[in-house]
Amino acid sequence: MSIARRSALAAALAIAAPAVRAQSRAWPNRPVRIIIPYAPGGPVEIPGRFIAEHLSARLGQPFIVETRPGAGGAVGTKQVIAATDQHTLAMVTGAVAIQPAVQPDIGYDPVTELLPVSMVSAASMGFMVRPNAAFRDLQGLIAAAKAAPGRVTYGSSGNGTTTHMAAALFGARAGITWQHVPYRGGGQLISGFLAGDVDVMSGDLATLLPHVQEGRGVLLGVTSPERVPAVPDVPSITEIVPGTGITIWFALFAPRNFPEDAVARIVTELAPLRSGSALGERMAATGGQLLLTGPTELSEQLRREMPLWRQVVAEAGIRPE
């Protein structure tokens, strides 16, 4: 090779080197926070931490899960919306579609201020009573609530949560008046239920099933539109009151300034988990389904549910906070 050609090659490599280094510094180039805007110990942490571990291994930067509870998820969600580092995500439940109906002055619009990344999962919820309850099926619950309006109580993981609204939807369309008792997260809800402070617990099936299996609770019904294979003998609430089927879903969102190529990279790296992953198997065992569908489906889910929850708030007479 001539001196001239060697010089030309060296110059070309020198020009290419910064581009190669830039590619190696592609997103993420620093630790990524996944903010869960609910109390610690809730069901969203299980897939949240699994996904964080998976992405950390695949993308070469730590993905750190942080819980930031408050105002039904609004506190942590606002932190994500305000983030400017392009390395902050939110792992939320379907409550993100509910809060604007329950809290009209919540201070943000999830449709315009959050960037959909991916649906993560969907699962049934259920209504559970203690073994010594006065009723042990949905018909008995409805009869008791109609006989003494406002006397039957149900607990949820908080005002405006999906567990709250699933019960509110059922009550409104069953024509009953029952008393909502909100707790600050799933952990406090379970404690209150087991202590006898509420008659019925409205919770996600993954949380309820261990108590059912160990004899501390009895499932009256599941909230999904159809029965759940994990508990095939338990009816869907839609069998008793049509039009009340709803699931609890988890999803990843980002601030609007988040890079589009970063969204695409996250979706690509998560896709293999849909088939044969430990997370998928764990969710199936408790009536859930791992989705990881990407941003389009999440955007459609959000736009579809927000009008529904405004309607439920009106039907159930829920007063904005």
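# Reading burial, salt bridges and pockets

Q: Is E269 buried or exposed in this structure, and at what relative accessible area?
A: With a relative accessible area of 12%, E269 is buried; the cut-off for that class is under 20%. The model is predicted, and the values discussed here are computed from it.

Q: With which residue does E269 form a salt bridge?
A: Side chains of opposite charge can pair when their charged atoms come close. In this case the partner is R58, and the closest N and O atoms of the two residues are 2.7 Å apart. R58 belongs to helix α2 (residues 45-59) and E269 to helix α10 (residues 260-270), so the pair ties together parts that are 211 residues apart in sequence.

Q: How many salt bridges are counted?
A: The count comes to seven salt bridges. Among them is the pair of R68 and E66, with 3.0 Å between the closest N and O atoms. R68 is partly exposed at 31% relative accessible area, whereas E66 counts as buried at 17%.

Q: Which residue meets the side chain of E315 in a salt bridge?
A: The side chain of R173 meets that of E315, at 3.1 Å from N to O. Because E315 lies in helix α12 and R173 in helix α7, this pair ties together parts that are 142 residues apart in sequence. Both residues count as partly exposed: E315 has 37% relative accessibility and R173 has 31%. Elsewhere, salt bridges that share partners join R33, E66 and R68 into one network.

Q: Why is helix α4 described as largely enclosed by the rest of the structure?
A: An α-helix has 3.6 residues a turn, so residues three or four places apart point the same way. In helix α4 (residues 95-102), seven of the eight residues are buried, so the helix is largely enclosed by the rest of the structure. The buried residues are A95, V96, A97, I98, Q99, A101 and V102. They pack against β3 (88-93), α5 (110-113), β4 (114-129), α7, β9 (247-255) and α12.

Q: What share of the residues of the whole chain count as buried?
A: Of the 321 residues, 51% count as buried. The chain has twelve helices and ten strands. Among contacts with a separation of 6 or more, residues 24 or more positions apart account for 78%. The accessible surface comes to about 14300 Å², and 53% of that surface belongs to carbon and sulfur atoms.

Q: What is the volume of the largest pocket?
A: Rolling a probe the size of a water molecule over the atoms shows where empty space is left. The largest pocket has a volume of about 600 Å³. Its lining comprises 35 residues, of which Y38, S157, R184, G185 and G186 are the closest to the centre. Two or more lining residues come from each of α7 (162-174), α8 (186-194), β7 (200-204) and α9 (205-213). The largest share, four residues, comes from α8. By class, the lining divides into 16 nonpolar, 17 polar and two charged residues.

Q: Which residues lie nearest the centre of the second largest pocket?
A: This second largest pocket has a volume of about 420 Å³. Of the 19 residues that line the second largest pocket, Y154, H180, A316, G317 and I318 lie nearest its centre. The elements giving two or more residues to this lining are α7, β6 (179-182) and α12 (295-316). α7 gives the most, with four residues. The classes of the lining of the second largest pocket are eight nonpolar, eight polar and three charged residues.

Technical notes. Residues are numbered from 1 along each chain as its sequence is written. This is a predicted model: local features need pLDDT of at least 70, side-chain atom pairs count only at pLDDT 80 or more; totals for chains, interfaces and linings use all residues. Side-chain values use heavy atoms; hydrogens and water are left out. On a 1 Å grid over the protein atoms alone, a cavity is a set of points where a 1.4 Å probe fits but cannot get out, and a pocket is an open set with protein on both sides within 12 Å along at least five of seven lines; lining residues have an atom within 4 Å of a point. Grid points are joined across faces, edges and corners, and a volume is the space filled by probe spheres set on the points. Ala, Val, Leu, Ile, Met, Phe, Trp, Tyr, Cys and Pro count as nonpolar, Asp, Glu, Lys and Arg as charged, and the others, Gly among them, as polar. Buried means under 20% relative accessible area, exposed over 50%, partly exposed in between (1.4 Å probe, protein chains only). Contact means heavy atoms within 4.5 Å. Accessible areas come from the Shrake-Rupley method with a 1.4 Å probe; for residues, only the protein chains shown count as cover. A salt bridge is a side-chain nitrogen of Lys or Arg within 4 Å of a carboxyl oxygen of Asp or Glu.
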